[in-house]
Amino acid sequence: MADHPDSQTLSLLRDFLDAPGHSDEALSLAAVCGFLFAVCSAPRPVAPSEWIPVVFGDHEPPGMDQGRNLLSALMTLYNHINDSVRAGEPALPAAIRVRDDPLANLAPGADLSEWSRGYLKGSDFLRESWMALLPEELLEDLGTQVMVLGAFVHQDRAGQLYEETADRVEAPSLEEFVRQSLTLLLPATMRDHAYLGRTLVEVHAQNPDGDVTAPSEPVRTGPKTGRNEPCPCGSGKKYKKCCGR
């Protein structure tokens, strides 16, 4: 697996991407991390020539030397995220600074909020590919994944997810729900989403002209959850009494 981008690489990207004066649609470093997760989890290979223009957007074109260094740093970040997706071990990169106060992560400009914003931009960027390649019976799974991964973009959206899962998640408040989601629901959903996209890539590579049949097993990655173990959705209930019913 590619090494984590070092502090110099992240500083170079942050100084350029997070510089003031860009439009609201421009991607910060944290948003780029979310966008690249969406790209790396796509149901088809996405060439750098497709996604690099989206990353730089309305940023002023850098000079030749700076541009070369920026592209090298960006590809280092991409390779790390892509390798983690391919290994079935995606996680928030070190560039994402999670705040101690759960609700503070939903504030505009917070790294986690920006990560979700970037992921949603990537999801929208790849919408046609997902719709063309995903079996109809897995559309609901994809919709749930997008809802969870995009839920941290702002408090209203996180609140909607909280209400949607209120019958399964034992969290007395939105604050506690976000706290639990950061350690359980978000990592599990990242793994499931990466697994779904990479599986479709492999299936289409083996059978490019054929129909895709949905996996007979639920779309999840890693070791199966034991029926008496805590449910990975973060409900606090045993798996057999929650998502494993």
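User: Let's start with the second largest pocket. How much space lies in it?

Analyst: About 160 Å³, going by the predicted model.

User: And which residues line that pocket?

Analyst: The lining of the second largest pocket is made of Y119, L120, S123, D124, R127, W130, M131, L142, G143, V146 and H193.

User: Which one gives the most?

Analyst: α5 does, with 4 residues in the lining of the second largest pocket.

User: How does that lining split by class?

Analyst: There are 6 nonpolar, 3 polar and 2 charged residues in the lining of the second largest pocket.

User: OK, staying with α7 for a moment. At what angle does it cross α10?

Analyst: The α7 axis and the axis of α10 (residues 185–206) cross at roughly 135 degrees, and they come within 10 Å. Angles over 145 would count as roughly antiparallel and 65 to 115 as roughly perpendicular, so α7 and α10 are oblique to each other.

User: Left-handed or right-handed?

Analyst: The crossing of α7 and α10 is left-handed.

User: Which residues meet there?

Analyst: From α7, you have L142, Q145, V148 and L149. On the α10 side they meet L185, L186, T189, M190, D192, H193 and L196. By class, this contact of α7 with α10 has 7 nonpolar, 3 polar and 1 charged residues. L142 and H193 also turn up in the lining of the second largest pocket.

User: Nice. Switching topic: how do α2 and α4 cross?

Analyst: Helix α2 covers residues 29–40 and helix α4 covers residues 64–86; their axes come within 9 Å and cross at roughly 45 degrees. Under 35 degrees would count as roughly parallel, so α2 and α4 come out as oblique to each other.

User: And is that crossing left-handed or right-handed?

Analyst: Right-handed for α2 and α4, whereas the α7 and α10 crossing is left-handed.

User: What does α2 bring to the contact, and what does it meet in α4?

Analyst: α2 brings L29, V32, C33, L36, F37, V39 and C40. Those meet L74, L77, Y78, I81, N82 and V85 in α4. The contact of α2 with α4 has 12 nonpolar residues, 1 polar and no charged ones.

Notes. Residues are numbered from 1 along each chain as its sequence is written. This is a predicted model: local features need pLDDT of at least 70, side-chain atom pairs count only at pLDDT 80 or more; totals for chains, interfaces and linings use all residues. Side-chain values use heavy atoms; hydrogens and water are left out. On a 1 Å grid over the protein atoms alone, a cavity is a set of points where a 1.4 Å probe fits but cannot get out, and a pocket is an open set with protein on both sides within 12 Å along at least five of seven lines; lining residues have an atom within 4 Å of a point. Grid points are joined across faces, edges and corners, and a volume is the space filled by probe spheres set on the points. Helices (H or I, at least four residues) and strands (E, at least two) are DSSP runs, numbered from the N terminus. Ala, Val, Leu, Ile, Met, Phe, Trp, Tyr, Cys and Pro count as nonpolar, Asp, Glu, Lys and Arg as charged, and the others, Gly among them, as polar. Axes are lines fitted to C-alpha atoms, for helices over the stretch in contact, and angles run from 0 to 180 degrees between N-to-C directions. A crossing is left-handed if the near helix is turned anticlockwise from the far one by less than a right angle, and right-handed if clockwise. Contact means heavy atoms within 4.5 Å.
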